[in-house]
Number of protein chains: 2
Amino acid sequence: MVRTASWVLKKHFEGFPKLSDFELKEAELPALNNGDVLLESVFFSVDPYMRPYSKRMKEGDVMLGSQVARVVESRDPAYPVGTFVVSAAGWTTRFVSNGKDLQRMIPDWPNELPRSLALGTIGMPGLTAYFGLLEVCKLRPGETVLINSAAGAVGSVVGQIAKTAGCKVVGSAGSDKKVAYLKNLGFDVAFNYKTVRSLAETLKEASPDGYDCYFDNVGGAFSSVAMEQMKKFGRIALCGAISLYNDKEPQQGPYLQLSMILKELCMEGFLVTRWENRKEEGLKALLKWVMEGKIKWHEHITEGFENMPAAFLGMLKGDNIGKAVIKV
Amino acid sequence: MVRTASWVLKKHFEGFPKLSDFELKEAELPALNNGDVLLESVFFSVDPYMRPYSKRMKEGDVMLGSQVARVVESRDPAYPVGTFVVSAAGWTTRFVSNGKDLQRMIPDWPNELPRSLALGTIGMPGLTAYFGLLEVCKLRPGETVLINSAAGAVGSVVGQIAKTAGCKVVGSAGSDKKVAYLKNLGFDVAFNYKTVRSLAETLKEASPDGYDCYFDNVGGAFSSVAMEQMKKFGRIALCGAISLYNDKEPQQGPYLQLSMILKELCMEGFLVTRWENRKEEGLKALLKWVMEGKIKWHEHITEGFENMPAAFLGMLKGDNIGKAVIKV
């Protein structure tokens, strides 16, 4: 009998999540039927979206999330033992699948790349950067882009795609180490929003003409300042709002409608699932850029499934440079 | 020597404009050169945009705005005496033009229509409704549209265009008389936002499935509630923000980013000037709908140039049903 360990949401988060909101549970897995496979998680992802989406869960549910997993027992010839897949089975070490909810790794995955990138730069966060920048921001060569949370899994890819498109890229991050990382990635300007004297002045200095595109991972107060620095007909892609996820009471800020009218700004919220049918195109483009060295990647790896809640909290606090990954 | 009377901005508005912020001044006009015409204003327009745009003026400037005017003396054969034009000469009874800033009335203006409609339903406000609804909201047949300030010059046209497109139209206005007017125009649901018990519940009851499009003339607190009632992939056209124009301190409300992401909403501010090159198309469509009885119009007429500041204040307070016009 095969056993699995899972982190469940013991208690709905109130404000910033706590370790005590999670509980580690063990369970027995059912025997495999014909067509089933048994999988073992190899890498887990922790992502900001898990915080708002946890509201849709019931207490006691296995935490939602995705992993790279390996087939360890198979009654489905399409998935022989040793096959690697991406799955959304949640925070659980082993699971049984009938194959329908599994995504194969991109074909010809290069040996030199860790498979964990399928959870990051060549996975959902990379696709989020790709479609958000190209389809929502509708970035054009030579434009100026502002990105916050720029050293994160999505932001760091956004900035590098924008550089391949010949754009000027300005990035905000929360530590000097992250700022150094962004400069190393080729960002034209990078700054630590926690230590600048004035965000408005910093943004103005970085691009006195303003910004054509603003790729927003943060929302809230940062955005209210950034919106005032947009150029006429600027586009704002709302990808995340990490500054708002842990609110007990909704935060407030100035209404943006009047500036949006006078400058004819367009602000659009998006989820990467919108481009499910173009996933292959996106993954291929990202893989190509990675192999060409045009997109560099960095992972913040936490070892041990037992440390997964701590890794999640650390990611929400901004401990990670690049993608936060848990290695089992 | 020809004299003119003008209303000038004596003092920049602080909060809600006051009559004492305006001053009536007289002046002599220069003699006509070759190519010049002398015009006499016949109808003036007062519009919400004048409130925010006044910030760009200097104290002592003639108030900005447009009028229907008639050529009373001409040294330009292209504009013989008796020609009617639309001009943006501001709040002034007579003025000299070299013709470059004049717009001819739409050709074959029907005798049965007052020329003042060129300032309203078949003019800038009508075009604002037309392009905002079709190009920004990207309205599709069968969708549900929410319009606030719906009995105003723009809102009333938006609702009627949406009805011609086979849409369900829900309108909000500030008096029971306006609500009756909207029902008469064919709005499916109309309500008085000042007297409903709960705006959220009223919106939900009017369209339990939510709204595909929200044509926003008001901004501020109304919008924060309306945004929660949008359907997935809803579009919000920001046309005006009359609830914010008179702020001394910026009003605040909850940040909208998170709902915009989860529902993938798109919010765009716009100015009708964007479609300057499609003006003729828009005016022809509006004229056709008016002649077919598909778009009804209503004017709130103030008699006398001397009452123009009061008419402006009244319009900002919402005294008008349909277009606020001043007849000289």
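**Exercise 1.** Does Leu102(A) count as buried or exposed, and why?

*Solution.* The structure is a predicted model, in which local features need pLDDT of at least 70, side-chain atom pairs count only at pLDDT 80 or more, and totals for chains, interfaces and linings use all residues. Residues are numbered from 1 along each chain as its sequence is written, while chains are lettered from A and ligands numbered from 1 in the order in which they are written.

Step 1. A residue is buried if 20 or more other C-beta atoms, placed from the backbone, lie within 10 Å of its own, exposed if 12 or fewer, and partly exposed in between.

Step 2. Leu102(A) has 21 C-beta neighbours inside 10 Å and therefore counts as buried.

**Exercise 2.** State which strand holds Leu102(A).

*Solution.* Leu102(A) belongs to strand β7 (residues 102-104) of chain A; a strand is a DSSP run of E with at least two residues, numbered from the N terminus.

**Exercise 3.** Determine how chain A and chain B are related.

*Solution.* Step 1. Copies are superposed by least squares on the C-alpha atoms of residues with pLDDT of at least 70 in both.

Step 2. Chain A is brought onto chain B by a rotation of 180° with 0.0 Å of shift along its axis (RMSD 0.0 Å). The two copies are thus related as by a two-fold rotation axis.

**Exercise 4.** Identify how strand β13 of chain A pairs with chain B.

*Solution.* Step 1. Two strands pair if DSSP finds at least two bridges between them.

Step 2. Three bridges connect β13(A) with strand β13 (residues 252-254) of chain B, and the strands run antiparallel. Within β13(B), Gln252(B) is the bridge partner of Pro254(A).

Technical notes. Helix = DSSP H or I, 4+ residues; strand = E, 2+ residues; numbered from the N terminus.
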